[in-house]
Amino acid sequence: MGSVIDNIEKDWALFKTGLPHRHLPYSKKNWGNANHSLCSYQGKLKPAIAHHLVQTFVPDKGTLFDPFCGIGTIPFEGALSGRRAYGMDISPLAYYVASAKLHRHFPSLCTAYIEKIGKYISTHPVSKDYVSRHSSFGYNKTLGEYFHPETFKEILAARLFFSLQPPREPEEMLVMSSLLHILHGNRPYALSRKSHPIIPYAPTGDFVYKNLIEKLREKVDRALAPNLYPTEFVEGKVFLQDTLLSWPEEISQIDAIITSPPFYDSTRFYLANWIRLWFTGWEHEDFKREPAKYLDEKQKNGLDIYTKIFEQAKSRLKPDGWLILHLGKSRKCDMGQVLLGYAKKYFSHIDLFDESVVDCSKFGIHDIGTVTSHEYLVMR
């Protein structure tokens, strides 16, 4: 029987030759746990890729960390298979959704929380000035153009509720995530006029009143469907912070750090999520100030900032631990090759694998960037 490292390297070789995420059943668009779709999110890693990376590099009952976890796809796959998973993200939107996924939930507590929100909405009507100030805000269109006036008032009241008492418990995170999901879309569940469930494209169609609490209950019920979480599920933890800052002490002796940081020329995060970020508390001026703190903006000035990540990763991994970066290669930047140069200072074993994605479906999203390949930078 080979060593653990030998077995991992053998499995990694099989991944590269077989690309299992491209074959049935993993190639199905909706493969994986239903709560991977708890809230739509542009740039979400395909769950099947996360699944196979976790299975390859994290031992049974091992630990993993994703420092750019987004809405938690990689940590969630780890938790579903019995691994102890940690995540980190600077976005409050991502933090709420990833946190919700990494816990089991008590339906009765979700119901009580929704009732609390409903009571607040019914007893705290928003002022005309508050409606006017927010209805005129927006990018491609204004918020007032997305929603029926009565629905918009309920959304504004709910936003005030969450600003006064931000979600902290798993059930509160789940309810918040569900509400973020239904804010806009092209299906009957959406509170908006017809738009897109991932990117809030300019709305079309009639203004139709949608009762927020009614739609929210429906979404939460789907997220609480029986048997969604297997018996081996292990609850995890997500940190809301900038990954370039010092990581919490709890992130220590990790078996594998697996992450997919923002691609070099990906669509601007704050624009793709502007309605949901607004609902989590971003004010008008935040959209001018906050994006500069995000890595997708910082890395435009140089990828040398990843040295901070490599340094911390090396110190938080076990001696035989692995660091895996899922990257985007484009005409503007070969992220893998550039980062490989910086990684050599910290890691002795490095492999860079290139997977062409020019033939992959974009699922109806046209402004998805210029990525031609996915790269896997594997180090220990």
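The legends below describe close-up views of a predicted model. Residues are numbered from 1 along each chain as its sequence is written. Local features need pLDDT of at least 70, side-chain atom pairs count only at pLDDT 80 or more, and totals for chains, interfaces and linings use all residues; side-chain values use heavy atoms, with hydrogens and water left out.

**View 1. Confidence along the chain.** The mean pLDDT (the predictor's confidence in each residue, from 0 to 100) is 94 for the chain, and 97% of the residues score at least 70. In residues 361–368 the pLDDT is below 50, and this stretch has 12 contacts in the model beyond near neighbours in sequence. Contact here means heavy atoms within 4.5 Å.

View 2. Arg380 belongs to the segment after β7 (371–379); helices (H or I, at least four residues) and strands (E, at least two) are DSSP runs, numbered from the N terminus. The relative accessible area of Arg380 is 25%, so this residue is partly exposed (buried is under 20%, exposed over 50%, partly exposed in between; 1.4 Å probe, protein chains only). Its side chain makes a polar contact with the side chain of Glu9 at 3.2 Å. A polar contact is a pair of N or O atoms within 3.5 Å; within protein, one must be able to donate a hydrogen and the other to accept it, and residues adjacent in sequence count only if both atoms are side-chain atoms. Not counting residues up to four places away in sequence, Arg380 also touches residues including Ile5, Lys314, Trp322 and His349. Tyr346 is 34 residues from Arg380 in sequence, and their C-alpha atoms are 8.8 Å apart.

**View 3. Aromatic pair Tyr120 and Phe161.** The model has 33 aromatic pairs, counted where rings of Phe, Tyr and Trp (its six-membered ring) have centres within 6.5 Å; planes under 30 degrees apart are stacked, over 60 edge-to-face and the rest tilted. Tyr120 and Phe161 form an edge-to-face pair, with 5.5 Å between centres and 65° between the planes. Tyr120 lies in helix α5 (residues 107–123) and Phe161 in helix α7 (residues 149–164), so the pair ties together parts that are 41 residues apart in sequence. Tyr120 is buried at 13% relative accessible area, and Phe161 is buried at 1%.

**View 4. Thr151 and Lys210.** Thr151 is in helix α7 and is buried, with 0% relative accessibility. The side chain of Thr151 reaches the backbone nitrogen of Lys210 at 2.8 Å. Beyond residues up to four places away in sequence, Thr151 touches Leu191, Val208, Tyr209 and Lys210.

**View 5. Nonpolar cores.** A nonpolar core is a set of buried Ala, Val, Leu, Ile, Met, Phe, Trp, Tyr and Cys residues joined through side-chain atoms within 4.5 Å. The largest has 66 residues, and Leu212 and Trp278 are among those with the most contacts inside it. A second, separate core of 30 residues includes Phe65, Leu317, Leu327 and Leu339.

**View 6. Backbone geometry in two loops.** Most residues other than glycine have a negative phi, and most peptide bonds are trans. In the loop between α1 (4–18) and α2 (47–57), a cis peptide bond with omega of about 0° joins Leu24 and Pro25. Leu19, in the loop between α1 and α2, has a positive phi of about 40° and is buried at 17% relative accessibility. Gln253, in the loop between β3 (237–240) and β4 (254–259), has a positive phi near 50° and is partly exposed at 45%.
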